[in-house]
Amino acid sequence: MLLQEFIHLTGVNVTSLEYQAIETEYLNTDIDKFDFCAKWKTNYNNKMKKERAKYRKDHSIENLFSFMAGVVSTLGYFAKVDFQIDKDSISSYNSKSVKNEISLFWCVRKNGTGLYENKKDAETWANDWHDQIIAQYKVVLLNKLATIERIN
């Protein structure tokens, strides 16, 4: 079986390097290429479903909020109050992120947090409180999933 046949039979694009491993697996079986591809595709689909489910869990809004709560857990009262406001704002943005990616910038200082729609405003806020800044993060919302990445 050739790479192009495999792609045609499974509907899955793989690299030539990936195909080398698949071909070795195929050559070590005693079934025809049609049965092999059908079984491979079933296994592949099951694996992808598990990976997608894990990705969705790892990138859920609840996990985002849990991470953010951990960041502010040792900070002062006002940081915790600001965080609750930030959570509400993110929840509102999240309901709008079904079709379009939304990027937000979350800044954390010793006595508060700030959530901004653009990086420039976040940097201005951080510079105004430069002696108290702890971290800045980029939060990306898309299709009710979230990622967070420290940017300083």
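**Reading the cores of a predicted chain**

Tutor: The largest nonpolar core has 20 residues, and those with the most contacts inside it are Leu-64, Met-68, Ile-90, Leu-104, Trp-106 and Leu-141. This is a predicted model: local features need pLDDT of at least 70, side-chain atom pairs count only at pLDDT 80 or more, and totals for chains, interfaces and linings use all residues. Residues are numbered from 1 along each chain as its sequence is written, and side-chain values use heavy atoms, with hydrogens and water left out.

Student: What is a nonpolar core?

Tutor: In soluble globular proteins, nonpolar side chains tend to be buried together. A nonpolar core is a set of buried Ala, Val, Leu, Ile, Met, Phe, Trp, Tyr and Cys residues joined through side-chain atoms within 4.5 Å. Buried means under 20% relative accessible area, exposed over 50%, and partly exposed in between (1.4 Å probe, protein chains only).

Student: With which residues is Leu-64 in contact, leaving aside its neighbours within four places in sequence?

Tutor: Contact means heavy atoms within 4.5 Å. On that basis, Leu-64 is in contact with Ile-90, Val-139, Leu-141, Ala-146 and Ile-148. There is also a second, separate core of 10 residues, which includes Phe-6, Val-12, Ile-22 and Tyr-26.

Student: Is Gln-136 buried or exposed?

Tutor: Gln-136 lies in strand β3 and is buried, with a relative accessible area of 11%. Not counting residues up to four places away in sequence, Gln-136 touches several residues, among them Trp-106, Cys-107, Ala-122 and Ile-151.

Student: How many helices and strands does the chain have, and in what order do they run?

Tutor: The chain has 6 helices and 4 strands, and from the N terminus on the elements run α-α-α-α-α-β-β-α-β-β. The chain is more spread out than a compact globule, because its radius of gyration is 23 Å, well over the 15 Å that the globule rule gives for 152 residues. The radius is taken over C-alpha atoms, and the rule is 2.2 Å times the number of residues to the power 0.38. Along the principal axes, the C-alpha atoms fill a box of roughly 70 × 30 × 25 Å.

Student: What percentage of the residues is buried?

Tutor: Buried residues make up 34% of the 152 residues in the chain.

How values were computed. Helix = DSSP H or I, 4+ residues; strand = E, 2+ residues; numbered from the N terminus.
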